[in-house]
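Student: I would like a close look at one part of this model. Please take me through it step by step.

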Amino acid sequence: MFMWILKPLLRWGLGKEAVVGEVKKEGKPSHWSVALLLLSISLSVVAALYPYSPAINPRGLNVGVDIQAYVRAGKIVEGNPFQAFNVSGGSRPLIFLAIYGFQGLLGSDVSTAVMFLPVILNPLMVAAAFFLAFEAFGDWRLSSWAAFFTACGYQVTVGMYSYFLTNMLALSLAFLSLGFLFRSLRRGCNVSLASASVLGVLLVFTYPWTFDQYAAATFLTTIISFYQVVARRPPYL
């Protein structure tokens, strides 16, 4: 996302061929890129399970500071799924519906479902970051590194020890939405555009703060794109 800052430095220091987006892209996956992607997904799953390892946490204590808040709200939703639209001011119903569904899948209580939901959310976020990078650059190598740095980055670490489950789900939806948007722009695919729109709308029901960031970035991108079009227009038009 910040490669635009590094591009001028790379062009100056290493020449034009070294600039991302201007190099020969790895259109087909190499064994190394696939292995890195699988390693990243595996690391994200391990990150969700490791804090509850008996050797690390023999008493099975809650790791994240927000767990109890999710458990309290989850117990309300457990009795009536429609309460997902009322708890926490009705600002994040999708995460509580996800907890409710995951609880039913495990056949467990709310507390267990909340504790182990990152087993789903972590790899989802890593895969979504890979998808966004691949649709933006069309390069397996870069996309696999994006997945790796997501799995080893602060989002997973902070997400686990703070249990920002809503933010993790919202980031995944945002990455997927932007990925489908890039695909739509590149292929002219209406299905991808519809998918990007639906996922963007779901952000409103996931985490309003993440949606605000998404909307602000979209607004700035629109202004920059409009300026680039106007700047390139011949003077006689």
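How do α9 and α10 run relative to each other, roughly parallel or roughly antiparallel?

Tutor: This is a predicted model, in which local features need pLDDT of at least 70 and side-chain atom pairs count only at pLDDT 80 or more, while totals for chains, interfaces and linings use all residues. Residues are numbered from 1 along each chain as its sequence is written, and side-chain values use heavy atoms, without hydrogens and water.

Helix α9 covers residues 165–187, and helix α10 covers residues 190–202. Helices here are DSSP runs of H or I, at least four residues long, numbered from the N terminus. The two pack at an angle of about 155°, with axes 8 Å apart. Axes are lines fitted to C-alpha atoms over the stretch in contact, and angles run from 0 to 180 degrees between N-to-C directions. Therefore α9 and α10 are roughly antiparallel (angles over 145 degrees count as such).

Which residues of α9 and α10 make the contact? Contact means heavy atoms within 4.5 Å. From α9 come Leu 173, Leu 176, Ser 177, Phe 180, Leu 181, Arg 183 and Ser 184. From α10 come Ser 192, Leu 193, Ser 195, Ala 196, Leu 199, Gly 200 and Leu 202.

Arg 183 also meets Glu 135 in a salt bridge, at 2.8 Å from N to O. Such a bridge needs a side-chain nitrogen of Lys or Arg within 4 Å of a carboxyl oxygen of Asp or Glu. Glu 135 lies in helix α6 (residues 118–137) and Arg 183 in α9, so the pair ties together parts 48 residues apart in sequence. The structure holds 3 salt bridges.

Note on methods. Parallel < 35°, antiparallel > 145°, perpendicular 65-115°, else oblique.
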